[in-house]
Amino acid sequence: MAQTRNEYWSEIRSVYKDPKDYVLAGRGNAYVRIDAEAKVTGTAVYTDDVYLPETWYCKLVHSPYAHALIKSIDFTEAEKVPGVKGFLTGADFPEGHNLGNPEAFKELADKEPLCRRKVRMVGDEVAAVCATTEEAAEEAARLVKVEYEPLPVLLDPFDAMALDAEPIHYPADQPGTANNLSIFTVMKAGDPDKAFEEAYYTDKSYYKTQEMVHAAIEPHGAIAKYENGEYTIWSTTQGAYVSRYWVAWGLGVPESQVRLIKPMVGGGFGGKLDVFAHELCPCKFAERTGHPVKCILKRDEVFKCTRTRHPISFQIESAFSKDGKLLAKRCRHILDGGAYGGSGIAANTLSLICATFPYKVENIDMIARRPYTNHPASGAMRGYSACQVHFAHEIHMDEVANHLGIDPLELRHKNEITPYYTGPTGLEFTSCRFKECMDACAEAIDWKNRWRYPKGSGQAIGMSGSGFMSGTGFPVLVTPHYCSSTTIVRLNREGYAVVYTGANDIGQGCDTVMAMIVAEELGLNMDEVKVVQSDTTTTPWDAGSFGSRVTFLGGNACHHAVGDAKLKLLKHWAEEWGCKPTDIKMADHRVFLPGDAEKNISYNEACYGYEEKNFGRCVAGVGAYNHEGDKDVYVKNVGNYATAYSFSASAAKVTVDMETGAVTLDDFIFGHDCGRPLNIRAVEGQIEGSVLLGFGFTCYEECVYDKDGRHLNPSFRDYRFPTALDMPNITTKVCSEYDEEGPLGAKEAGEGSTAPVGSAIGNAINYATGLVIKELPITPERLWKALREHERTGKTEFGGEDLPEKFANMPPLPKRYNV
Amino acid sequence: MSLPAFDYVKAGSLQEASQLAKEKAGKAVIMAGGTDVILLLKDRVIAADTVIDIKGIEGLNEIAYKEGEGFRIGALVTLFELQSSEVIKEKLPALADAAHYVASAQIRRKGTMVGNICNASPSADTAPILLAMNAVVKVVNGEEKKDIPIGEFFKGVKKTALQPGDIVTGVFIPELKKNEGSAYFKHAVRKAMDLAIVGVGAWVKMDGGKVADCRITMGGVGITPLRAYNAEKILIGNAITEELLEQAGVAASQECKPISDVRASAEYRTDMIRVYTKRAVKKAVETLA
């Protein structure tokens, strides 16, 4: 009979090292990243660094219209450019094979590799050119003549939801029945109506966040070759297996004939989860020409044609008791989905789940709608939905505190999630140090003396808190047991181990984490563990880098794999030595029975002895990690979402130049509950990056469009994210406890850490100015405008002024998905 | 976009560079640090089939100071050399500040001040302070030498008074005499890698407690850097008070001619001229030589 998951795991767990013996995990400065030298010296190989002999180049032809029908495409002039080798249009790909993200929701896949009849955003890809040089391809792409018939452009998500709106994807059966909703999501629990009726305090507020981009330093790109009937593609992906699935689907070939290799990736932040034309077109050209073909996007193409963060409009109603107990929440989130779905379809559910964090609220009535518009497609982005939601809900929390006359910190404490709480829709929290995060930040910023900066004085401190999922269990593709991570570890008698990890290192350092886990368990040095990077031919299945899942799920898979190998090795030596496997230790490159000098051999000898007994077979371990979930968590919004949850708190000190509106972030304290940190420097690095992202989100970054949907600032000059010089001092407070389920006790540290930053800064700005700003970004000009208007009129609340009317006039939810 | 094909000529002398630039009138571009020129070529803003690199020409990389007269900044002096020059930091700190405001640390190690003004961007950071200091642009054309007062140098967006064959060899800046002071402030969203929303330069000459003479200059609010003559008139002959500074600020804001673009609205730029005029004049008065 097959072993149950628990029996299998408990046997492996029995040979795991005792955490008190860890020499790498959790120790400060114990080891450096395995790719540090390659990255610092510039020798690391990224996609654009992959050079194959006789490579040709591909350029894409983009739509200048945000919404239009394609009438004709004429290559006559483009063909005359010397070096041009071929063209592609939508007709070169199988019809109906649209690109999306989760296999389980394949019917929502909506992006043609190249548009056939219609374009839905400026930058939509309508054709591709192949030439012997990049310059020739660029020149020819410019000369491709496409005739369009422009359609009405929908840029406002509320306009897009109107029943008489121009249909973007789904044709209206009859006039007045347009449905431009990409997806909508409902989450309900308890009896919110009753709670609102009985509450001491109720309110209704509006907030709005903007469109921003990931701004990964490495632009998207791919190089493909075609040999022996197989496509091999090196791509800037966050998930080799998921990308491979959609590349194969888009080309109309079996997955067995597509190999996807993920080289070094220069940042993803969620923007490299989906599959794009720049990956499919080189494959097709490689097949047609026999040459390897490369396509690297320029920065403006990355802005226009990849993914953005969902702008969200919020209507929040809350009900509190007199002493500050959160009784109920009603929220309506409108997410601007842009032109396509892809990884963006998860945004609704995540926005609603995050709206319940990090507080206990038993009565909820939440609806999120994600209308299509003619903006670039919104998708996953670091702190997925959480950054927007925690901005709105945590600014709101301070407003409530001030109305009730309760200290904002105390109000948070009154409602905070505590360890092993189960939420009303079935979210199962485990380890939780949210209280400790809040207290650490409050102490470091000297919260109790916060009125040393009087309200409106131009200086202030602000705080906020958040929670996030640590280890999204959803495997994207359909897998047995909802399994989303697997790893193989091979022990070599020459004194090293090889880890074949499916986990996708995109710069966050997970290859280093996997090497560390293996080294820790086997008692090897870091450089004696060799990592094989994600590649669908050489490494096993993994769902990718998203959802704060890599360390938790991939790390656990790796831990199980090395545990499996270790168990085999130790079982063999236990038999030889007449002891139990659990008696034997592995450390300092030795395998030994403590206290017995005779039973103490090198790692090499141990592997050799095993192979001798097993006819030369090497020791190998296979590990997997699954989270027994169901895609219904996205459909019905009940059940547990993640394997664990991380918690964060932030405290910001700002100075506002009351004449110019410029905000200086003087000091930032971050408290994070990431379980046991596996690499303290990596955790600090993630948190510092999170503060940069959150500060950019709050005060700097925004995509700006003209009325026709043309992007006005698609460059790093005009899309102004903060630089190193704009950053404050950052103090990281790791407030952790060992998480029972986490790999070596760890939880996530890369995404949840972005969530409270914006609201801490926003609250600080509000106290510094005496205003309440409800819309992002709070750029110098916007704040200046609010300050001047306040002087003239006394108005104190700014932002989202258009929302009350828009929310009041939304059409009902369509029948199609009625609940 | 990719860099288009062009002929690259590394000139050995000013005469060679000038001669070739004249022959290729309209088709050649002079390059020093290249931090603007290469981008303009990539973006097809300039169409040149010849790039004339002057980095190999000797004698253009000096910061020379002559007491009683002023500074001569060679065409190849980088912005980083200017920001970190001891003599500039001591005797004309506003120029070091202006150089420091440009772009990023990496770009300032390649880009030059002369390049910054020859690019003639309305928001160039070194232009307002040079205008406030009454600098003179030194030009060679073949065997001919000429001086162009900085006030006559800028003709429009990306347009200067330079003629085909003109090579700027450097800029002369009069030194600050006793009781004179100057300042430059840039207002931008981020502290590096950003274009000025506005830049304000100021030069003052004090006589006792009163302003004997002054020049206020504004960047980013017109097709060229502008003088705020009315603001200057308000200050001259008067003692500096908060009220007077406010009046001057308001006057300057009425003299500027900004546009609205993706980086800032005209309304915001106008008010920032008011704010930074006050701050620049105040700083100039507080840091007299």
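Which residue does the side chain of A:Asp535 meet in a salt bridge? The partner is A:Arg259, with 2.6 Å from N to O; a salt bridge is counted where a side-chain nitrogen of Lys or Arg lies within 4 Å of a carboxyl oxygen of Asp or Glu. A:Asp535 lies in the loop between β21 (529-532) and α15 (550-577) of chain A and A:Arg259 in strand β11 (residues 258-261) of chain A, so the pair ties together parts that are 276 residues apart in sequence. Helices (H or I, at least four residues) and strands (E, at least two) are DSSP runs, numbered from the N terminus. A:Asp535 is buried at a relative accessible area of 6%, whereas A:Arg259 is partly exposed at 23%; buried means under 20% relative accessible area, exposed over 50%, and partly exposed in between (1.4 Å probe, protein chains only).

The model is predicted, with local features requiring pLDDT of at least 70 and side-chain atom pairs counted only at pLDDT 80 or more, while totals for chains, interfaces and linings use all residues. Residues are numbered from 1 along each chain as its sequence is written, chains are lettered from A and ligands numbered from 1 in the order in which they are written, and side-chain values use heavy atoms, leaving out hydrogens and water.

Over all chains, 81 salt bridges are found. Within helix α4 (residues 134-143) of chain A, A:Glu139 and A:Arg142 are three residues apart, a separation of about one helical turn, and their closest N and O atoms are 2.6 Å apart in a salt bridge. A:Glu139 is partly exposed at 31% relative accessibility, and A:Arg142 is exposed at 54%. In helix α13 (residues 434-445) of chain A, A:Lys435 and A:Asp439 are four residues apart, about one turn of the helix, and their side chains form a salt bridge of 2.9 Å, N to O. Both are partly exposed, A:Lys435 at 40% and A:Asp439 at 28%. A network of salt bridges links A:Asp657 and A:Glu659 with B:Glu246, B:Asp271, B:Arg274, B:Lys278 and B:Arg279.

Chain B is assigned domain 1 (1-175) and domain 2 (180-286), the bounds coming from an automatic or database domain assignment. The centres of these two domains of chain B, taken over C-alpha atoms, are separated by 24 Å. Contact (heavy atoms within 4.5 Å) involves 23 residues of domain 1 and 26 residues of domain 2 of chain B. The two domains of chain B bury about 1900 Å² between them, 61% of it on carbon and sulfur atoms; buried area is the accessible area (1.4 Å probe) that two parts lose on being put together, summed over both. Two salt bridges are counted between the domains of chain B. B:Asp125 and B:Lys186 form a salt bridge through their side chains, at 3.0 Å from N to O. B:Asp125 is also among the residues touched by B:Ala98, together with B:Thr126, B:Ile129 and B:Tyr184, when residues up to four places away in sequence are not counted. B:Ala98 is found in helix α5 (residues 93-101) of chain B and is buried, at a relative accessible area of 0%.

In strand β3 (residues 50-53) of chain B, B:Thr50 and B:Ile52 point one way and B:Val51 and B:Asp53 the other, and all are buried.
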